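Subject: Structure handover

Hello,

Here is the structure for you to keep. My notes on it follow below.

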Amino acid sequence: MAAHGIASRVVVSGKRVLNPFRTFLLRVSSEILEEDLRSMKFLLVNEIPEGILENCQKPTDLFSHMIKKCLIAENDLDLLEQLFNHITRSDLAERVRVFIRKSSSSQELVSAPTAQVTRELPAMGKAMVCFMLSGNNIDQNATLQQLKFGICAALKMKSSEISFVKTEKEAKNLASFVFQIPKKEELLNSLRNDALQKEDWLCQCGIQAVKVGGDASYICLAQPLAYPPQDTQARLSQPFQAGSDADLKCKGFVDKHNLDLIVVVERIKDQMFHTRLKTQLAHLVEMICARDYNFRLALVCYPDHSLCFPNANTWWFAKEKDVMKSQIHFLNESRTAPSANGLADGLALVRDLATKKDSRSCRKDANKICILLPSVNERTSLETYKCSNGHDVMKLCRQLAENSVTLYTVGILQPTTASSFGRNPLPEFFAGISLKTGGRYIQTQNIKHLPGIMMCAIKEDLSLECLIGTAHDIVLPDVIEKYGDINVEELTKMLKEELNQRSCLAKSIVLQNNVTVLRESELALKLSYDEDLESACFTFTEGVKRLKQAVIPTDGIPQDVDMEKMTSDLARVTISKDQEITDDLSERLIRKVGHRTLYCTSF
């Protein structure tokens with residue numbers, strides 16, 4: 001287990017721990033009003049006991065009971081769509097339809113070669129497994145997908161290791177589904193034990209019986225098991241072992257002194273602004289080089305999409321101070337007014353720096369931080385961030401998170417950034433994409449504060465990175481035990497308590513008066529869960545509508561706007577001393593660990 005304060009273990013990028021179905025429900029729950037929840041509970045009174053419904057104080061509580069009662073599942077959301085239509089929330093019903101479309105288009109099964117199917121013989125190194133289901137009108141495609149998810153999560157396998165062979169109708173109300181999996185005794189025994197134990201993932205799929213490999217007979221899940229085998233109890237008592245063959249691997253150790261910083265600048269048509277910006281970035285280089293870091297800097301500059309090809313530029317990593325300053329000098333302002341924003345092109349170059357394996361890209365053993373310096377002039381739509389070059393901002397931010405890059409965004413407010421209805425909504429978008437990676441959004445009205453703010457961001461992130469190994473060891477056993485089907489809120493609370501019990505400390509960005517920087521707004525949290533820009537555009541537009549509908553008091557400030565948050569940019573930002581883990585820091589750690597973990601719960 002990684003100890004606090006030393007180089008810590010981080011996890012290779014890949015499949016995410018956070019179950020996309022649960023993430024979707026959490027995202028939708030943030031849109032459900034109290035009146036909506038009451039209406040949904042009323043409609044479900046014949047499906048869920050009234051006593052349970054009375055205790056459902058939050059939409060997530062209701063969703064959990066609907067899952068337990070098999071009213072909804074990842075491949076069966078018809079009832080949820082009907083509920084939203086009945087309570088006149090067509091916007092949420094449309095979200096359900098979009099989720100179903102995206103899930104069905106991205107979850108394709110690999111089929112075994114035809115020769116293997118006709119001969120009914122496993123391929124070399126493979127074993128046949130057969131699952132028996134009962135029921136009328138079995139949805140074959142939905143069942144295949146659910147079984148694939150269950151097998152991968154329970155046996156900790158990659159989806160590419162599973163091949164679908166065939167399905168057959170055994171009797172009037174029975175059907176069998178046959179797959180091929182690697183012929184490894186530990187995998188086959190694990191599946192046998194799960195069947196004997198009648199594990200939840202099998203029961204939720206409606207499995208009646210399982211036949212593994214060359215076994216002569218089925219294991220019937222209807223038969224009670226009085227004495228579980230010893231190896232089953234051992235496996236359940238140790239759900240996670242770092243040295244196992246599970247699809248879960250580590251990069252090794254990150255050297256806390258190694259820092260790879262990527263600064264991303266939006267090129268705007270303002271020569272004076274860029275001159276001042278370059279001066280402050282040169283000051284930042286001096287500040288970092290004066291500290292005990294093995295420091296390298298890369299620059300990315302993105303303009304608009306006025307050209308027919310990606311016109312963002314990269315200055316590769318440099319470690320010599322003079323070279324860094326020379327690269328900063330060539331950050332030029334845009335010569336034309338922007339027609340569409342090139343943010344996605346810029347983030348695509350950051351992803352390339354994080355994923356390519358050459359001397360000009362990120363080091364494997366370095367802490368990787370990206371600081372984005374965008375224009376935050378008022379926008380009431382995210383359509384301008386749609387990229388004609390095929391890049392998606394939300395997907396790129398997820399890829400950065402998966403590759404251990406934390407995104408911080410610093411908004412330098414201009415006089416034109418104030419909204420006509422009292423609040424510029426665009427910072428909410430940048431707060432959402434930053435939180436997706438475990439970072440945060442910070443804003444200032446004084447560009448001279450920029451080096452200090454960026455240093456605070458670096459110190460905070462380095463402090464959290466020292467806890468990644470410990471957080472990983474705390475979180476992963478719980479996730480694996482639940483087959484990746486977790487509640488993010490509960491996991492955040494659990495991680496906070498565990499870290500504080502172990503006396504783990506971390507630094508946090510605070511205001512000069514030692515008031516902790518406020519957590520992201522509801523709109524920013526919603527945006528952080530959106531998987532693509534299309535969904536984010538919908539979320540942002542709905543959020544802007546709500547801001548415009550806010551009641552305006554006599555001083556012209558919407559009542560739902562936190563004045564402390566609005567004026568927080570006027571105070572100088574600093575970094576706290578080591579402190580106990582807060583909800584905010586715990587949630588950022590969850591985002592980091594969740595995206596970086598190679599664990600098959602989503603595909």
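How many bridges join β2 to strand β5 (residues 207-212), and in which sense do the two run? Five bridges join them, and they run antiparallel. Two strands count as paired if DSSP finds at least two bridges between them. Helices (H or I, at least four residues) and strands (E, at least two) are DSSP runs, numbered from the N terminus.

Before the rest, a word on the source. This is a predicted model, in which local features need pLDDT of at least 70, side-chain atom pairs count only at pLDDT 80 or more, and totals for chains, interfaces and linings use all residues. Residues are numbered from 1 along each chain as its sequence is written, and side-chain values use heavy atoms, with hydrogens and water left out.

Overall

The protein has 23 helices and 15 strands. Of its 603 residues, 53% are buried; buried means under 20% relative accessible area, exposed over 50%, and partly exposed in between (1.4 Å probe, protein chains only). Among contacts (heavy atoms within 4.5 Å) with a separation of 6 or more, 81% are between residues 24 or more positions apart.

Around β2

Strand β2 (residues 126-134) is mostly covered, with seven of its nine residues buried. Lys126 stands opposite Pro182 in β4, while Leu133 has Ile207 in β5 as its bridge partner.

The six-stranded sheet

Six strands form an open sheet of mixed pairing, in the order β10-β9-β8-β11-β12-β13. The edges are β10 (313-318) and β13 (441-444); each has a single partner strand, so one side of each is left without a neighbour in the sheet. On average, neighbouring strands are turned by 15° against each other, direction ignored. Axes here are lines fitted to C-alpha atoms, for helices over the stretch in contact, and angles run from 0 to 180 degrees between N-to-C directions.

Strand β12 (residues 405-412) pairs with β13 in the parallel sense over four bridges, and Gly411 has Gln443 in β13 as its bridge partner. Helix α14 packs on the sheet, touching β8 (258-266), β9 (294-302), β10, β11 and β12, and its direction makes about 150° with that of β9. Helix α17 (residues 450-465) also packs on the sheet, touching β8, β11, β12 and β13, at about 155° to the direction of β12.

Cores

A nonpolar core is a set of buried Ala, Val, Leu, Ile, Met, Phe, Trp, Tyr and Cys residues joined through side-chain atoms within 4.5 Å. The largest has 42 residues, of which Ile262, Leu343, Phe429, Phe430 and Ile433 touch the most other members. Helix α14 (residues 343-355) gives the most to this core, with seven residues. A second, separate core of 38 residues includes Val263, Cys301, Ile328 and Ile575.

Rings

Aromatic rings of Phe, Tyr and Trp (its six-membered ring) pair if their centres lie within 6.5 Å; planes under 30 degrees apart count as stacked, over 60 as edge-to-face and the rest as tilted. The count comes to five aromatic pairs. In one of them, Tyr385 and Phe430 have ring centres 6.2 Å apart and planes at 80°, so the pair is edge-to-face. Tyr385 lies in the loop between β11 (367-373) and α15 (393-402), and Phe430 in helix α16 (residues 426-436), 45 residues apart.

Regards
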